[in-house]
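Here is a short note for a colleague opening this entry for the first time. Please read the points with the model on screen.

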Amino acid sequence: MTSDAPDLHPHRLNAIRVRAQQRGIDHVVVYSGEDMAYLTGQRLDSHERLTALIIPADGDTPLLVLPSLELTETVRGAADLVGATVLPWADGTDAVALVAGKVSGRVAVSTAMPALHLVPLQLVVDGEVVLASDVIDHVRAVKTPGEVDELAEAARRIDAVHARMDEFLQVGRTEAEVGALITAAIEAEGLTHAEFVIVGSGPHGADPHHGVSDRVVRDGDIVVVDIGGPLASGYHSDCTRTYSMGEPSDRVAEEYAVLQEAQRLAREAVRPGVAIGEIDAAARDQLSAAGLGERFIHRTGHGIGLGLHEPPFVTAGAETVLAEGMTFSVEPGIYLDGRWGARLEDIVAVTADGRRDLNNGERGLRVL
Ligand code: ZN
Ligand code: ZN
């Protein structure tokens, strides 16, 4: 839960309906997980058994279809929050047919619905099935002040873990040992768990999605540390800092300085009305001008909220127009195959006239 008003969930339901009407959608089918948590306050995960919240765009009562064995007081509370009628189904009956019988026309389905349910649904539904990105993701992308506060609190806690990195990241420890100490610190900060821990030392830093390994951290290594975990409310943190075990070479210090400037320019480009592709361009142009453009091998960032990676994505040419309340990462990196890598990642929130940095730790190449 966030600090937003108690009628938050009906507001969200209404926003989904309004957007669905605008986009010519007749029914929205919300699947278990983050979309469900956004609307009902509960993820309502039920493994391979189908759980779905059906929202008619015309204002009819929403329906919560779920396995009868999952029907608890918590589920009834989640349904009540959005005024939904519960439709339980028993093992051995056809849950897909139950959903299909309640929808028609243009039916927008959560991106998280697995093929296990989506393919049979497409075969029997009276209408056209489309992705609900344009409806649900669009609404979820603009956070309320309470959601931004949750993300800021999660960011503050992950900043506190980075601030203690000298205790964890030491020459002679393996990446896995460092990772275990970081995981404990993330939990000690009151984040529910370490969602991911990347300790990319030396050549491993050149792999953006390295995890941890048995490589021993050595003197002279550049080490990429990308960590995050959610608050109990489900809102995520995600922050990368790069460390140098001993003084870096002049070349590394210069290239890191270019990266830091690229990340600063990208953050400073954040304001309402700007196309999100401009944020990517701000970072990419700066790196390209220094001859490092080809070393920047991924998008500049991703939205963050109840999802760790969610729309809007900060990609080259992306046309999503920034609006107050959008939250996303700004995380350019440079990757020199087989040698070293560096990344600098902060979460920002779009404000009425600019941005708010949710991460505020030191951004330089920190020498340990
Ligand atoms: Zn990250
Ligand atoms: Zn990230």
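1. Start with one pair. Ile54 has Leu63, in strand 3, as its bridge partner. Strand 2 (residues 52-56) and strand 3 (residues 63-67) run antiparallel and are joined by 3 bridges. Strands here are DSSP runs (E, at least two residues), and helices are likewise DSSP runs (H or I, at least four), both numbered from the N terminus. Two strands pair if DSSP finds at least two bridges between them.

2. A word on the basis. This is a predicted model, in which local features need pLDDT of at least 70 and side-chain atom pairs count only at pLDDT 80 or more, while totals for chains, interfaces and linings use all residues. Residues are numbered from 1 along each chain as its sequence is written, chains are lettered from A and ligands numbered from 1 in the order written, and side-chain values use heavy atoms, leaving out hydrogens and water.

3. Next, the metals. For the zinc ion (ligand 2), they are Asp238 (OD), His302 (NE2), Glu331 (OE) and Glu345 (OE), at 2.0 to 2.2 Å. Donors are N, O and S atoms within 2.8 Å of the metal (3.2 Å for Na, K and Ca); water is not among the atoms, so sites may look incomplete.

4. How far apart are the zinc ion (ligand 1) and the zinc ion (ligand 2)? They are 3.1 Å apart, and Asp238 coordinates both. Asp238 lies in the loop between strand 8 (222-228) and strand 9 (239-244), and Glu345 in the loop between strand 14 (340-343) and strand 15 (346-350), so the pair ties together parts that are 107 residues apart in sequence.

5. Last, burial. Both Asp238 and Glu345 are buried (under 20% relative accessible area; exposed is over 50%, partly exposed in between; 1.4 Å probe, protein chains only). The value is 3% for Asp238 and 0% for Glu345.
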